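Me: I have a new structure open and would like a quick tour. Can we go through it together?

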Amino acid sequence: MIEVDYPLDPLSADEFSAVAAILRRERGVTEGWRIASVELVEPTKAELAAFDGGGPTPPRRAAVICLDRSANATYKGVVSLTADRVENFDHVPGVQANFTVDEYVECDEVLRRHPDVIAALAKRGITDMDNVFMDTWTYGAAVAPPEYRDRRIGWSDTWYKQTPGANPYAHPVSGLHCVIDLNSMRVLRVEDDGSAENPDVMGEYVPHHIPERIRSSWRREPLTPLHITQPNGPSFTLDGNLLRWQNWSLRVGFNHREGMTLHTLRYRDGEANRSVAHRMSFAEMVVPYRDPSVDHYRRTAFDIGEWGLGFMTTSLELGCDCLGEIRYLDAVLHNSKGEPYTIANAICIHEEDNAVLWKHVDHDAGAEVRRMRRLTLSFHVTVANYEYLVYWRLYQDGNIECEVRATGIMVTTPVPAGQPHPNGTLVDERTYAPFHQHFLIARLDLDIDGIGNTVYMTESYAEPIGPANPYGLSLVVRNRPLRTEQEGKQDVDFGTQRAWKVVNTNVVNGLGTHPAYKLVPTGAIPAMFDPASPVLQRANVIGHSLWVTPNRPDERWPAGEFVNQSVVDTGLGEWTKADRSIDNTDVVLWYVFGIHHITRPEDWPVMPVDVVSFWLKPFGFFDRNPALDVPATLPGTAACDPGHC
């Protein structure tokens, strides 16, 4: 057995290799198969509690999804690394495994060699195939060609670069799309509507590719240097995957589907090491393009379920993606043969100054001020043309912030002169960028002082003017417990400042109330879909801002485990039909937030980050401000000197 430091540590390169070897030996998973995904089967809360108490080490196991290409058959299984054997390996009919990076690369190679594709490009005056780029997307089965729905298929977009090294997404080839069988790597159909629009677009963002006529107009003054230093090193400690900082402790995980995951978040309060969350991650991301045109009607990405944030994670580099005294964690993943590879510097951990934490100026005693320090854990993913930058931040006052920044390059489409483009914004010469939405689903397994929690909807109301409220000033808060899954389907209401508290009613704090953490909903967006829409049928989750379910280890994916080519929702939409109790139990919150991207000219040719976030704030978890013990910054230091503040 391969030794690990802690049962939650991600699978190592040796473990990925061992899984592939066991599958070859016992199940014949060799040539003709793809190992679509391998991830750790995480120990249960009970197993971890026993281990932390000096009990046995939980068995080391891996969940696997494999694809028999010759039969177009998906298999799901569990491999025991502890026992060196396959525990189970079952065919799952009627589903498709996630796409793999290998398939993405192979599709590009096949398409650029296909004679019909070459001919279609030549008709448009494009003959240098080295400057052509093919992007393969997944299909929702509802919009897939009926004759191919029983196959593993993708559809392609095509772009061309004006010069080597230029932006590959600057010049789309409109009206040219291919249908590909990913098992046989055969082009099934070339769809070509003959479009020949070729507007004079400036879609470059790297300075030496930008025309001189534009660069000559730049007048921005250079910035003076900004140095962020910690001469004594960072204030956090990292022991393997165990991170400790300012009363916080947690373990950092990583897998192919969710990317970075956070585990066993605890806050040391005096002598007590109190539980806040068992596990937090992103469980799905749904990106529908709101344009029914031929170039975009198929463009609905499930970036987590169809591809995987882990597989799309990019390496971070010092001085650019993160600043300061940084510690990195590498991530180990695998290709579709099960062979391991390492993403160097996949996760960045660093501290940030964030202005004032608390302050008061007293007429007699003068000023008391504390500066805020926060700990940031981040990873970045590139999903084709888009980048998503994910930040989890821990604060000294017990707050937790989750922030996502979207950047990258918008998909665009040329449009004939004078023709309307109602589903997008004109961003360049006869070129529009379609409207689209980014729905992010955070899976929050909170354990507030234990697993017996109840979620309360909390709202503010202005009471009517009356004898007891003659000036209409009375504002009251009403808290309603959510007892069942149907009650747990919630929507944001900014009119009442609706939020949700996860409360442990089994514990009493020093004030006689119950400890809680409050989900402060920012960034929630409406789905704006007809109920019959195929997108909503596949992803019921985007129809509400919040879902609450009892924690079940097999309920991890809000739109279902197998969303590639799915037709109907097999996740939250199905589970919650049972209307199970969510009262005083181990609950999971699924928070849906995101970006309603009404595209702008200022987003072109590369998009400034669009920022969206939400907060988890202690509410009665502490008896008073937990940051009273943050020490004052010493006079004469950079953080205190007025010339540096």
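Reply: Here is a short walk from the whole chain down to single residues.

Me: What kind of model is this, and how are residues numbered?
Reply: This is a predicted model, where local features need pLDDT of at least 70, side-chain atom pairs count only at pLDDT 80 or more, and totals for chains, interfaces and linings use all residues. Residues are numbered from 1 along each chain as its sequence is written, and side-chain values use heavy atoms, with hydrogens and water left out.

Me: How many helices and strands are in the chain?
Reply: The chain has eight helices and 30 strands. Both are DSSP runs, numbered from the N terminus: helices are H or I with at least four residues, strands are E with at least two.

Me: Why call it as compact as a globular protein of that length?
Reply: Its radius of gyration is 26 Å, close to the 26 Å that the globule rule gives for 645 residues, so the chain is as compact as a globular protein of that length. The radius is taken over C-alpha atoms, and the rule is 2.2 Å times the number of residues to the power 0.38.

Me: What does the C-alpha trace span along its principal axes?
Reply: About 80 × 65 × 60 Å.

Me: And what share of the residues is buried?
Reply: 53% of the 645 residues count as buried. Buried means under 20% relative accessible area, exposed means over 50%, and partly exposed is in between, with a 1.4 Å probe and protein chains only.

Me: What about the accessible surface?
Reply: The chain's accessible surface comes to about 28,100 Å², and 52% of that belongs to carbon and sulfur atoms. Areas come from the Shrake-Rupley method with a 1.4 Å probe; for residues, only the protein chains shown count as cover.

Me: New topic. Which domains does UniProt list?
Reply: Among them, "AGAO-like N2" at residues 13–87, from an unreviewed entry. UniProt also places "Copper amine oxidase N3-terminal" at residues 99–194, again from an unreviewed entry. UniProt positions use the numbering used here, feature names are shortened, and annotations may be inferred rather than shown by experiment.

Me: What are those two spans made of?
Reply: Residues 13–87 are 31% helix and 36% strand, with end C-alpha atoms 21 Å apart. Residues 99–194 are 23% helix and 29% strand, and their end C-alpha atoms are 30 Å apart.

Me: Down to residues. Is R279 buried or exposed?
Reply: R279 is buried, with a relative accessible area of 5%. It lies in strand β13, residues 272–288.

Me: What does R279 touch?
Reply: Not counting residues up to four places away in sequence, R279 touches several residues, including E42, N255, H263, D445 and R556. R279 and L446 are 167 residues apart along the chain, yet their C-alpha atoms are separated by 7.0 Å.

Me: And V427?
Reply: V427 is in strand β21, residues 424–428. With a relative accessible area of 10%, V427 is buried. Leaving aside neighbours within four places in sequence, its contacts include M410, Y432, P601 and W604. V427 and T599 are 172 residues apart in sequence and 8.3 Å apart in space, C-alpha to C-alpha.

Me: You mentioned W604. Which bond joins W604 and P605?
Reply: A cis peptide bond, with omega about 5°. P605 is in the loop between β29 (587–597) and β30 (607–618).

Me: Which residues other than glycine have a positive phi?
Reply: D84 is one of them, with phi near 55°. D84 sits in the loop between β3 (73–80) and β4 (85–91), and D84 is partly exposed at 40% relative accessible area. Q497 also has a positive phi, near 50°. Q497 is in the loop between β25 (475–482) and β26 (499–503), and Q497 is exposed at 52%.

Me: Last one. Where is D239?
Reply: In strand β9, residues 237–239. D239 is exposed, with a relative accessible area of 54%. The C-alpha atoms of D239 and W547 are separated by 35 Å.

How values were computed
Contact means heavy atoms within 4.5 Å.
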